[in-house]
Amino acid sequence: MRLAIDQALVAKARSAARQITGEVQQYIAAHTTTSIERTVVRLLGVDGVDADGVPLPNRLVDAILALGGKEALGRGAAWWLANAVTVTGQTAQDVAAAVATGALDLGALPPGQEAAVSGTLQGLAGGTCDRIAANRRRREALRVSPGMARKPWFYVIVATGNIHEDIVQAKAAVKQGADIIAVIRTTAQSLLDYVPYGVQEGYGGTPATQANFRLMRAALDEVGTEVGRYIMQVNYCSGLCMPEIAAIGALEGLDMMLNDAMYGILFRDINMERTFIDQFFSRLINAYAGIIINTGEDNYMTVDDPLTAAHTVLASQFINEQFALRSGLPPQQIGLGHVFSIGPGVEDGLLLELAQAQLTREVFPDALLKYMPPTKASTGNIFLTHLVDGLFTLAAVLTGQDIQLLGMLTEAVHTPHIHDRYLALEGARYIANATWHLRHEVSLDADGRIASRAHAVLAKAGALLAEIAAGGLWDALAVGKFAGISRAREGGKGRDGVVPKGEGYLNPFLELMGPGRGPGETLA
């Protein structure tokens with residue numbers, strides 16, 4: 001099943017996306033953020049909270065800001081921490097704890113010898129990189145033996161608010177046939193400018209904490225051994241702590257992270273400067289750790305018309321791809337998101353969905369595509385929803401999707417129960433098995449409805465990218481080119497956390513985890 005799309009148009013669109021992201025990358029390269037500096041502190045060995053429950057990475061970065069504002073932090077938290085470790089002889093953890101209690105004033109310490117500070121920094125950073133690399137090698141070995149399910153991988157969500165109950169539901173889902181378990185984050189965690197510590201409970205989801213990650217990883221490894229296949233773990237590193245959550249995910253061996261370049265700007269009103277800087281470093285960590293990112297273009301169709309705005313999804317995918325490549329992510333770790341979103345009342349709706357899905361597959365042949373279910377049109381009619389979910393699975397198999405987030409027949413009724421997941425997995429497995437080789441038996445009419453729709457969407461996406469390349473991405477977001485949502489460059493949450501890099505800025509992970517530094521093979 002091939003569309004024979006115009007590769008010249010694809011190349012032109014990709015070139016425009018490269019130009020668009022290149023302009024933003026210049027800004028990214030000259031700035032850091034408070035969340036990136038907290039991430040560096042974490043990666044250098046600082047964890048835990050003070051007596052008031054404030055995370056020690058926050059306390060350390062706040063202490064540096066108190067010394068000399070953004071100019072002090074623009075030197076890099078790495079320098080301040082490594083200098084303190086070198087001069088005092090204490091561990092990074094002890095330094096942070098002493099700063100939090102007021103027992104140590106970083107500004108009162110003399111600068112250590114440059115070679116000594118550099119040696120301290122390389123030792124701390126190298127140890128963390130070794131740990132993350134070991135996690136990656138371990139996961140990659142498990143993907144070979146006992147191995148993984150064939151694609152599409154079936155992806156389901158747990159969201160009880162309690163990690164222990166999440167584990168019960170996750171294990172049940174795996175035994176029913178799930179390949180990927182995503183733990184939904186607690187409501188509005190993306191707007192917190194700190195990472196909660198320890199085993200935490202939440203509402204509408206479970207907090208993304210390092211302890212919660214660790215518990216779920218152990219549970220999935222246990223049930224994976226029982227069922228004889230490797231089970232992937234997913235969480236979310238969007239929001240104000242995007243790079244910090246990427247770091248704790250890498251430290252605990254996660255497989256996927258929802259990690260979009262523009263989602264936080266559009267749907268959480270997080271400042272675009274902060275978001276673009278943070279997404280770069282978070283994706284650099286994910287690239288090194290072998291973590292697959294999932295982008296969020298499917299969200300555009302929750303607020304826009306899939307019949308008229310499909311090209312904005314494709315244009316955004318081109319942009320997300322280029323941002324990801326600039327962070328060192330290979331195509332095999334770029335899980336571009338899209339969605340089966342056309343309402344069931346539209347004539348030839350399945351044909352239009354096939355056009356979009358096949359177009360995405362052919363434009364990004366090496367990417368791990370993540371296909372989202374048709375939740376927008378769910379009304380509570382569980383029988384119709386289950387039928388539409390079946391067509392969604394059919395479209396996924398016909399167009400060679402990689403990651404399939406399963407829809408639930410009780411969508412729009414309640415949070416899925418265990419038996420709802422069972423029905424979703426049973427139905428998806430039946431359709432996938434019954435139609436496994438169908439795409440090799442089907443050819444598309446070069447002048448038919450599917451091909452014509454795909455060509456039209458590609459042409460409109462190319463035109464939109466050319467327009468954005470001429471005016472810049474900052475302005476495109478300001479006038480609502482994506483999802484019909486307008487955001488001001490100076491507006492949104494978290495802009496006060498943007499910090500210009502000073503002369504001699506230090507962040508060892510930019511070099512140690514930079515493009516081409518990955519410690520292992522990528523997942524195909």
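**Exercise 1. Determine whether Asp389 is buried or exposed, and identify the nearest side chain of opposite charge.**

Solution. The model is predicted: local features require pLDDT of at least 70 and side-chain atom pairs pLDDT 80 or more, whereas totals for chains, interfaces and linings use all residues. Residues are numbered from 1 along each chain as its sequence is written, and side-chain values use heavy atoms, with hydrogens and water left out.

Step 1. Asp389 belongs to helix α15 (residues 382-398); helices (H or I, at least four residues) and strands (E, at least two) are DSSP runs, numbered from the N terminus.

Step 2. Asp389 is buried, where buried denotes under 20% relative accessible area (1.4 Å probe, protein chains only).

Step 3. Asp389 has no salt bridge, a term for a side-chain nitrogen of Lys or Arg within 4 Å of a carboxyl oxygen of Asp or Glu. The nearest side chain of opposite charge is that of Arg421, 12 Å away. Here Lys and Arg count as positive, Asp and Glu as negative, and His and the chain ends are not counted.

Step 4. Apart from neighbours within four places in sequence, Asp389 contacts Pro374, Gly407, Met408 and Leu409; contact means heavy atoms within 4.5 Å.

**Exercise 2. State which element gives the most residues to the lining of the largest cavity.**

Solution. Step 1. A cavity is a set of points, on a 1 Å grid over the protein atoms alone, where a 1.4 Å probe fits but cannot get out; lining residues have an atom within 4 Å of a point. Grid points are joined across faces, edges and corners, and a volume is the space filled by probe spheres set on the points.

Step 2. The structure holds three cavities of 30 Å³ or more, and the largest has a volume of about 110 Å³.

Step 3. At least two lining residues come from each of α13 (310-326), β8 (337-339) and α14 (349-363). The greatest contribution is that of α14, with three residues.

Step 4. The lining comprises seven nonpolar, three polar and two charged residues. Ala, Val, Leu, Ile, Met, Phe, Trp, Tyr, Cys and Pro count as nonpolar, Asp, Glu, Lys and Arg as charged, and the others, Gly among them, as polar.

**Exercise 3. Describe the second largest cavity by volume and lining class.**

Solution. Step 1. The second largest cavity contains about 70 Å³ of space.

Step 2. Its lining includes Pro374, Leu384 and Val388.

Step 3. By class, five lining residues are nonpolar, four are polar and none is charged.

Note on methods. Buried < 20%, exposed > 50% of the residue type's maximum accessible area, 1.4 Å probe, protein only. 1 Å grid on protein atoms, 1.4 Å probe; cavity = no way out; pocket = protein on both sides within 12 Å on 5 of 7 lines; lining within 4 Å.
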